[in-house]
Amino acid sequence: MRRTFIMQKGIVLLSILALLVPNALTLARAESVAPATDLKANLRQTRAASLAQRIERVENGLLPPAVVKGETLAKMKLTDRMRFYKTPAVSIALINDGRIEWARGYGRLEAAGKETVTPETLFQAASISKSLTAMVTLRLVEQGKLDLDSDVNKRLVSWKVPENEFTKEQKVTVRRLLAHTAGVTVPGFLGYEVGETLPTLRQILDGEKPANSAPIRVDMTPGGKFRYAGGGYVILQQLIMDVSGKSFPELMQKTLLHQLGMVHSTFQQPLSPDLASRAAAGHLPNGQEIKGKWFVLPELAPAGLWTTPTDLARFVIEVQKSRLGKSNKVLSTASIKRMLTTEIDDVAPGLFVDGQGSSARFSFAGANVGYKCRMLGYMNSGQGVVVMTNSENGAELIAEIIRSVAAEYGWPDFHPRERVIIKLDPRIYDSYVGEYEIAPGFVLVVAREGDKLMSQAMPVPLPPSAVGQPKSEMFPESETTFFVKDADAQFTFIKKDQEQVIQVNIQRTTRLYQARKIK
């Protein structure tokens, strides 16, 4: 395989009193100020001790996605789970009451290295880049430089979306690109080895060498349905550059990163030597470090951000405060509310939005080769968290961390589901054995091992780096419905005419994947 930190009134009177009765004033100050100072110091110490205990409970309270009815819920230690998932580095920023309550780094920048992770360690943010891109895009809409619902070809200068039978009546628009409903191809990008010749943006758009991705084209009617497309955000990258007259990193720095105080963030690719020295190296599923430490992503808008959890927490807090009209450093309250309004299903411009009332929240996850991360924020409580890792196995670890945070801070969501296991004749498992296509180039392999039914998700063809991906035992809840203990997933096998298995439906939290049996 080639492949993210009043006193003007009274001053005169106090001066006069000091001149008239200096000794009395001095004594009064000594008697009243000192105890108050001691009280404040004690209060700070108590708060610090209490916070340290909370952090320790989070670190030692990681939780699985499911608990079998009648079994004791086992809490796990972060350090142990990092070893289990072959994840050398984890960084967390916790948001509480609308502020960053704490941030910590764990592990090392490289599996075989000695340099430890700090809250200032950089990670690839991967697809979380889209959330920041969406905010700046809506800023350009506010300024009248872009229109949400006009054909983007009217504003594109350096390149045009090729017209075809799918764009005759429905056009590619900013709104549709932001919400992945533009009918655009190319879901994501592998990146390029450090030192490798990088393609221009035009070459990426047209799939021309040295680009390693397919041409970005429209292959279904825009506005019809959701299909995740990083390619759409590459179009936005070109559009933003055309209408602003600035390079993408320059515009993002001036319009967003600087405004939010995201001082440890950049869209520059490749990284400068100074920033590279503070970045965590990416790691493959088997724990092996990526050659050259990471891949370079010239697809900046969908996947090019290097940042820290603390900086992304500042972004989350700005969204929360802007929605309430308490801060508008980038967008107006009206525009932020638009960014938090779903266009289709749970998809909003640059964000996923879930829940109602106290559960209302926004989030986004990132997955570049060697990096997994997630940010989320509650809309009404001022709570949230950002977790970043430098491992292909980081997604499930992040979920365990978030469940620990949810338990400690009393969140209404992200708690282990109670499951009931039934007894089945293992011979029933034979009909479920096979390969199921989750997405192009990615399958779920279901196999029987003795009296157990096992599952393993993997890319195809299988690259050497994928060796060592963990298998998961599937436990039956009914004759056709199963779950696994190490992921928040439910599997329902679909039969044709009640006999031949043709598909498995995979429910991951709020998203459903329909995987066709191919082998």
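Q: How much space lies in the second largest pocket?
A: Rolling a probe the size of a water molecule over the atoms shows where empty space is left. In this predicted model, the second largest pocket holds about 280 Å³. A pocket here is an open set of points on a 1 Å grid over the protein atoms alone, where a 1.4 Å probe fits, with protein on both sides within 12 Å along at least five of seven lines; its volume is the space filled by probe spheres set on the points, which are joined across faces, edges and corners.

Q: Which residues line the second largest pocket closest to its centre?
A: Of 18 lining residues (an atom within 4 Å of a point), Pro64, Pro65, Ala66, Lys485 and Asp486 are the closest to the centre. Strand 1 (66-68), helix 3 (78-84) and strand 17 (472-476) each give the lining at least two residues; helices (H or I, at least four residues) and strands (E, at least two) are DSSP runs numbered from the N terminus. By class, the lining has 10 nonpolar, two polar and six charged residues, with Ala, Val, Leu, Ile, Met, Phe, Trp, Tyr, Cys and Pro as nonpolar, Asp, Glu, Lys and Arg as charged, and the others, Gly among them, as polar.

Q: Is Val385 buried or exposed?
A: Val385, in strand 12 (residues 384-389), has a relative accessible area of 1%, so Val385 is buried (under 20%, 1.4 Å probe, protein chains only). Beyond four places in sequence, Val385 touches residues including Ile92, Leu94, Met375, Ile402 and Trp411, a contact being heavy atoms within 4.5 Å. Trp411 is also buried, at 2% relative accessibility.

Q: What is the ring geometry of Trp411 and Phe414?
A: Their ring centres are 6.3 Å apart and their planes at 65°, so the pair is edge-to-face (centres within 6.5 Å, planes over 60 degrees apart, six-membered ring for Trp). The model has 13 aromatic pairs, and ring pairs join Tyr429, Tyr432, Tyr436, Phe482 and Phe493 into a cluster.

Q: Which residues have the most contacts inside the largest nonpolar core?
A: In this 92-residue core they are Leu132, Met135, Ile216, Ile235, Leu256, Phe315 and Met339 (a core joins buried Ala, Val, Leu, Ile, Met, Phe, Trp, Tyr and Cys through side-chain atoms within 4.5 Å). A second, separate core of 25 residues includes Val58, Tyr85, Tyr409 and Phe414.

Q: What should I keep in mind about numbering and confidence?
A: Residues are numbered from 1 along each chain as its sequence is written, and side-chain values use heavy atoms, leaving out hydrogens and water. Local features need pLDDT of at least 70 and side-chain atom pairs 80 or more, while totals for chains, interfaces and linings use all residues.

How values were computed: Buried < 20%, exposed > 50% of the residue type's maximum accessible area, 1.4 Å probe, protein only. Phe/Tyr/Trp six-rings, centres within 6.5 Å; stacked < 30°, edge-to-face > 60°.
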